[in-house]
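I set out to record, entry by entry, what I looked up in this structure. The notes follow in the order in which I made them.

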Amino acid sequence: MSDRTMKWQVMLLFFCLSLGSAVGQVTYSIPEEMSKGSLVGNIGQDLGIDVKRLKSGKARIYTEDKADYIELNADRGLLLVKERIDREALCGQTTPCALHLQITLEDPIEFYSVTVEVIDINDNVPTFQKEEMRFRISESAVIGAKFVLERAMDLDVGINAVQGYSLKPTDNFILKLHNQQDGSKNVEMVLQKPLDREAQNHISLTLTATDGGEPKLSGAMRVDISVLDANDNAPVFTKKMYKVTVPETAPKGTILSTVSATDADEGSYGNVLYSIANTLDYVPSIFQISKENGVVALTGSLDYEKAQLYEIHVQASDDGGLTDSCKVIVEVTDTNDNPPSINIMSKTNSVTETSKPGTVVTIFNVQDPDSGENGKVACNIEEHMPFLIKATSKKFFSLVTDSELDRERASEYNITVSCSDEGVPSLSSTVTLTLQISDVNDNAPVFDRSTYEAYIVENNTPGLSIFTVKATDADWKQNARVSYILEDSSVNGVPVSSYVSVSADSGVIHAVR
Ligand SMILES: *[C@@H]1O[C@H](CO)[C@@H](O)[C@H](O)[C@H]1NC(C)=O
């Protein structure tokens with residue numbers, strides 16, 4: 001320590017004479033906090049007073065200071081530290097800081113002024129009064145908003161006092177120092193990047209104050225920021241009306257549209273949720289909107305034949321209860337999704353073969369609920385059938401005979417009626433009607449041959465079967481049953497019936513005698 005002390009020593013020495021008394025003055029500089037007994041200065045040498053004279057003159061120190069910081073070693077002519085000197089206790093922030101001593105001698109009276117300048121050493125750390133400062137700052141705080149921070153105190157002076165501050169981390173705030181008139185600095189943190197409560201609702205910063213001593217000393221304080229949310233913007237739909245056209249056959253799950261609203265707020269106040277606001281109709285059971293992303297999807301089934309237009313009222317709301325609304329117009333287009341349906345209203349199972357052309361066999365109606373071409377229906381039957389379809393009105397048809405019928409040619413008809421609409425592709429339905437043609441006795445029996453010839457020997461046995469005649473009839477059942485009778489005629493005056501007889505059922509001719 002004594003080496004350093006020597007460095008600190010600055011000596012100013014001069015003499016002057018006044019009223020015959022020797023008056024001298026010397027100034028020493030020493031750092032504060034030197035240990036007891038440290039050398040302040042050699043006044044014997046510096047003031048040119050012999051050590052003997054100090055003794056004989058009963059040299060004494062006189063001071064107005066409260067404490068005796070310095071003592072005189074008269075034997076060696078030295079000023080020594082008597083009490084540890086704390087510059088801060090002695091002078092506070094006043095500079096320069098000095099002790100003023102008078103050294104007095106008797107016989108003759110002499111006095112000398114000694115000034116001991118106490119030099120500051122960096123023995124005090126910058127300190128903040130509080131351990132932390134708390135702020136509650138809205139996320140809507142604008143860039144440039146300023147917040148005053150506490151200054152740090154350092155009892156040291158000059159370069160050993162606080163020289164600078166830092167605030168870390170620097171993500172949102174930067175530090176600004178304003179020089180005050182008294183030479184001190186006002187410490188402010190300035191918002192330079194917007195706060196976002198949803199991203200970070202709490203920010204912890206460290207404010208550090210550093211002095212300029214050797215080595216530098218620093219003190220720190222926590223700056224605690226709670227970020228408060230703000231809801232100062234309502235959601236806004238990008239469009240007020242969305243229009244979409246969808247075929248009625250669209251399957252469940254079909255995505256119809258995506259609505260979008262934006263909210264300038266951050267976080268939950270800016271988080272938009274979508275919902276369907278219709279309450280008085282079936283819309284909520286047919287359509288659904290995804291809460292988060294505004295996708296409108298079909299969840300029910302559409303039927304053009306029931307409803308051609310839907311108006312979905314969509315609401316967007318943020319967590320703060322601010323809302324906006326828009327409409328989604330869903331236009332349903334017809335698709336040919338219904339085949340014609342054929343309903344037999346009245347029919348006969350059989351007609352007689354003598355029925356006149358135009359006889360009504362069946363009446364049916366055809367319905368197709370589709371619209372336009374998709375619902376336009378025409379009916380027909382296979383070609384080469386003795387029947388015809390007549391449209392009696394738009395939806396009513398009759399099946400009539402078209403020409404003479406002949407049971408003996410065709411006794412039964414399977415008539416396939418086919419009705420098709422004009423949609424693309426076309427849908428059709430068929431129905432098959434079975435019609436019996438009932439017989440009329442319109443055919444006479446016909447013999448296989450017109451003449452039969454046979455020979456028999458005389459004296460034959462009565463009842464001998466000679467031959468068989470055969471006649472057939474094209475009619476049906478009763479109308480086709482043939483019975484044989486012998487026509488009345490005679491051979492040489494003798495009736496034929498006395499020679500031969502015919503079996504009515506089998507047509508077998510027998511000899512009678
Ligand atoms: C009509 O259809 C029935 C049943 O399929 C069948 O038994 C019958 O032979 C058909 N008649 C004609 C004339 O094709």
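**Entry 1**

I began with a facing pair: Ser-317 stands opposite Thr-323 in β24. I note here that the model is predicted, that local features need pLDDT of at least 70 and side-chain atom pairs pLDDT 80 or more, while totals for chains, interfaces and linings use all residues. Residues are numbered from 1 along each chain as its sequence is written, and side-chain values use heavy atoms, with hydrogens and water left out.

Strand β23 (residues 309-317) pairs with strand β24 (residues 323-333) in the antiparallel sense, over nine bridges. I took strands (E, at least two residues) and helices (H or I, at least four) as DSSP runs numbered from the N terminus, and I counted two strands as paired if DSSP finds at least two bridges between them.

I then traced the sheet to which these strands belong: four strands in the order β17-β24-β23-β20, open, with mixed pairing. Its edges are β17 (241-247) and β20 (273-276); each has a single partner strand, so one side of each is left without a neighbour in the sheet. On average, neighbouring strands of this sheet are turned by 25 degrees against each other, direction ignored. The axes behind such angles are lines fitted to C-alpha atoms, for helices over the stretch in contact, and angles run from 0 to 180 degrees between N-to-C directions.

**Entry 1: a second open sheet**

I looked up another four-stranded open sheet, with the order β25-β27-β30-β29 and antiparallel pairing. Here β25 (341-347) and β29 (387-391) are the edge strands, each with a single partner strand, so one side of each lacks a neighbour in the sheet.

**Entry 2: domains**

I recorded the division of the chain: domain 1 (10-119), domain 2 (122-230), domain 3 (239-331), domain 4 (341-438) and domain 5 (446-511). These bounds come from an automatic or database domain assignment. Between the centres of domain 2 and domain 4, taken over C-alpha atoms, I noted 98 Å.

I used "buried" for under 20% relative accessible area, "exposed" for over 50% and "partly exposed" for values in between (1.4 Å probe, protein chains only).

β13 runs antiparallel to β10, joined by four bridges, and Leu-149 stands opposite Val-187 in β13. Seven bridges join β13 to strand β12 (residues 173-179), again antiparallel, with Met-189 of β13 as the bridge partner of Leu-175. Ile-174 is also found in β12 and counts as partly exposed, at 31% relative accessibility. Ile-174 and Val-190 are 16 residues apart in sequence, yet 5.3 Å apart from C-alpha to C-alpha.

**Entry 3: charged residues**

I list 15 salt bridges in the structure, each a side-chain nitrogen of Lys or Arg within 4 Å of a carboxyl oxygen of Asp or Glu. In one of them, Asp-120 and Arg-87 meet at 3.1 Å, N to O. Asp-120 lies in the loop between β8 (110-119) and β9 (132-138) and Arg-87 in helix α4 (residues 87-91), so the pair ties together parts 33 residues apart in sequence. Both Asp-120 and Arg-87 are buried.

Asp-154, in the loop between β10 (146-149) and β11 (162-168), is buried yet has no salt bridge. Its nearest side chain of opposite charge is Arg-87, 7.5 Å away; Lys and Arg count as positive, Asp and Glu as negative, and His and the chain ends are not counted. A polar atom of the Asp-154 side chain does lie 2.9 Å from the backbone nitrogen of Asp-156.

Asp-224 forms a salt bridge with Arg-134, with the closest N and O atoms 3.8 Å apart. Asp-224 is buried, at 8% relative accessibility, whereas Arg-134 is exposed, at 62%. I also found that Glu-132, Arg-134, Arg-222 and Asp-224 are linked in a network of salt bridges.

Note on methods: A polar contact is a pair of N or O atoms within 3.5 Å; within protein, one must be able to donate a hydrogen and the other to accept it, and residues adjacent in sequence count only if both atoms are side-chain atoms.
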